[in-house]
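Thanks for coming. I will go through a few local features and then one annotated span. Please have a look at the chain first.

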Amino acid sequence: MYNATKFQLTVLALLALFSFQLHAQKNTSWKSYSGDPAIEKKVESLLSKMTLDEKVGQMNQYSGNFASTGEVSSNRSGEYLKKGMIGSTFNVFGTDHLRMLQEQNMKYSRLKIPMLFAADVIHGLETTFPIPLAEACSWDLELMERTARIAAEEATAAGVAWNFAPMIDVARDPRWGRVMEGAGEDVYLSSLVARARVKGFQGIQSYKDFSKPNTMLACAKHFVGYGAGQAGRDYHSVDMSERTLRETYLPPFKATVDEGVATFMTAFNDLNGVPCTANEYLYKDILRDQWKFNGMVLTDYTAIMELIAHGVAADLKHAAQLALDAGIDMDMISEAFVSHLAALVKEGKVKEEQIDVAVARILEMKFLLGLFDDPYRYFDDEREKKVIMNDEHIEVAREAAQQSIVLLKNDNNILPLKKNVARKVALIGPFVEERNSLNGEWAIKGDRSKSVTLMEGLKEKYAGSAVQFDYAQGTTLPLIDRRTAHVSTNQVPDKSGFAEAIQKAKDSDVILVAMGENYHWSGEAASRTDITLPGNQRQLLKELKKTGKPIILVLFNGRPLDLSWEDENMDAIVEAWYPGLMSGHAVADILSGDYNPSAKLVMTFPRNVGQIPIFYNVKNTGRPFNPNKPADYRSSYIDVPNTPLYPFGYGLSYTSFAYSNARISSEKLVPGGNITVSVDVSNTGDMDGEEVVQLYIRDKVASVARPVKELKGFEKISLKKGETRTVKFTINEETVSLYNIDMKWLAEPGEFDVWIASSSDDESQHLKFSLVE
Ligand code: NOJ
């Protein structure tokens, strides 16, 4: 029997008291995001005048119902508006409408607290850029920052001061429809893209200075693990090790904090059993204590309410308490905070100080944005007229689209289709004249009727040329019913257009086919278990193949597809994704060779859905498959190879590049030092072109198993035909650091492989070095 001494008991009591105080402090102390004492004073002074109801009102956010992404949207927003109890509204457009809403708010808000308007400006406002996954395939960070900036220039003139972007969920499962919104499967690339986008959206010149009216708050979303939902099903549970979380899913978010991101959005999913929206570990321990993030955290759509369905909250009141305790500041749609926090304070279940902290974070953003000085400063009719879809923006949209389109296959250099070579082209497929889908999902303000179709792009490009087109649609795109979220795979395939298409194909020299997914087939709530071309499109391709004519397939879609059959049977494949406003022109630029394709995949294309999840930086396993020495009982499949159809980092050009002469400044890296690796890249083909040169490393022996390779650098270069350029990368301890067996971030001495490569599967330029003790 254990008998505690008086001394032991006193120590225990003191410890308990200390930890309570620490906890209480964690819950109730506000540190400003800006660190600006003048702003802090203003926030504190305003806060001291607010009633509890006014405070919880600030934590309440509504949707403008323009883009509802859930079942629930309140009809009580009018009632709360009249009480001055709405802190923010999102996805409401039209400066007149917004101005009116702000006027109403200012009329009813006793302390004249402006409303903050937000929106999902994911890939452009009216000038719609390619979907983010596509744009990431450009590997051009400067371009991504530029398109984000343009999106912000347009949005901030049209009333939006807070962008629900960038979405930076690492995504390795193409069944998940939202892969289209991020930067793909790799943590290194995703982190850099995340920074570029935050920089572009926020547009702040000096740190946290939002004084210019074209600056806006960015929002890193969805924290965290949303891309790792089981089986690629949207909103599904996420179960992952601390190591995977730290190595792969957290770093892009940390990168946005380093870039000064102002806000975070919670993820819908649970993480190891704890829904993210009620996850103290994520928001308090990681985000605030470890990363020192002092910005504002908002939930995703009805995510507090969903804590009930998750099975961690008994009712909405309980859910509100859990979310507040987790460190959430603003409630999107659920009305949990506005309905229950005041009562929870009165019952002593939450402290008013917790609410003060959340409200202080919200008010600080409003002060920083200058909304107290002028609640209407983001409605600028003149600037709106000047910036929305101006010529410069449209030009960048075309450039971004050109740089996003990946050439996957090009046998016998069938592409480009030169304007001066006489050919009869049968132009077939549902995407030749498709306009609506070209912007992809999340172009909520992008006017779909303005997007340039492939037909229009080709007509303009080839006008007066030697190339003649003869069009037949052939088949249609199956649709999805957004309300039932079901397809459509059951739709009876209509083959009535096949005969005409086949006849035109027979009469041609070459067949150009444009196919893909209707835009509702990717994006939120659009997971698929079959990622082949929807409907009877492949069936039509099979018929066209029988004509014996060469076929060029252009694809418009929002996720990596299973293209195994197409790869075997098509002569050329162009992955255009959803290129946005300038779709038809950009694709025509590529097809004609006026732009030489330079994009490289940022997500692996599997051979079939059974290989998923598939990504390049896997571990070796204890029984790695060796293609030169196939043997039983190895880590492989019996029906398909382990390798993907198209690997991460892969993409062709109309010219060819040769890598040679890899060299290293020293084979010994000393702690604190650095070494350089270099390679000569030559353009050995007939056209000028751009190449993304990639650096991969492998840690050969470490305290924990390391991936077979990891991307650690890249450079996009432009080479004239015949030109050779040396590309150099620096390697230091940070390049080779890892979370060791004790989860400490450090570099372990030992040997490393290095590849400077044109794709993740290119091992021709191989070097070695050691980190010495
Ligand atoms: C739900 C989505 O998950 C999120 O990304 C988006 O910002 C909100 N809806 C608001 O539209």
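Start with Cys 137, which is buried, at a relative accessible area of 1%; buried here means under 20% relative accessible area, exposed over 50%, and partly exposed in between, with a 1.4 Å probe and protein chains only. Cys 276 is in no disulfide, and the nearest cysteine sulfur, that of Cys 219, is 14 Å away. A disulfide is taken as a pair of cysteine sulfur atoms within 2.5 Å, and the structure holds 0 of them. Cys 276 is also buried, with a relative accessible area of 0%.

On what you are looking at: this is a predicted model, where local features need pLDDT of at least 70 and side-chain atom pairs count only at pLDDT 80 or more, while totals for chains, interfaces and linings use all residues. Residues are numbered from 1 along each chain as its sequence is written, and side-chain values use heavy atoms, with hydrogens and water left out.

Next, Asn 105. This residue lies in helix α5, residues 95-108; helices are DSSP runs of H or I, at least four residues, strands are runs of E, at least two, and both are numbered from the N terminus. Is Asn 105 buried or exposed? Asn 105 is buried, with a relative accessible area of 2%. Its side chain reaches the backbone oxygen of Ile 113 at 3.0 Å. Leaving aside neighbours within four places in sequence, Asn 105 is in contact (heavy atoms within 4.5 Å) with Leu 81, Ile 86, Ile 113, Pro 114 and Met 115.

Last, the span 691-760, annotated in an unreviewed UniProt entry as "domain: Fibronectin type III-like". Its end C-alpha atoms lie 14 Å apart, and the span is 0% helix and 57% strand.

Terms used:
A polar contact is a pair of N or O atoms within 3.5 Å; within protein, one must be able to donate a hydrogen and the other to accept it, and residues adjacent in sequence count only if both atoms are side-chain atoms. UniProt positions are given in the numbering used here, feature names are shortened, and annotations may be inferred rather than shown by experiment.
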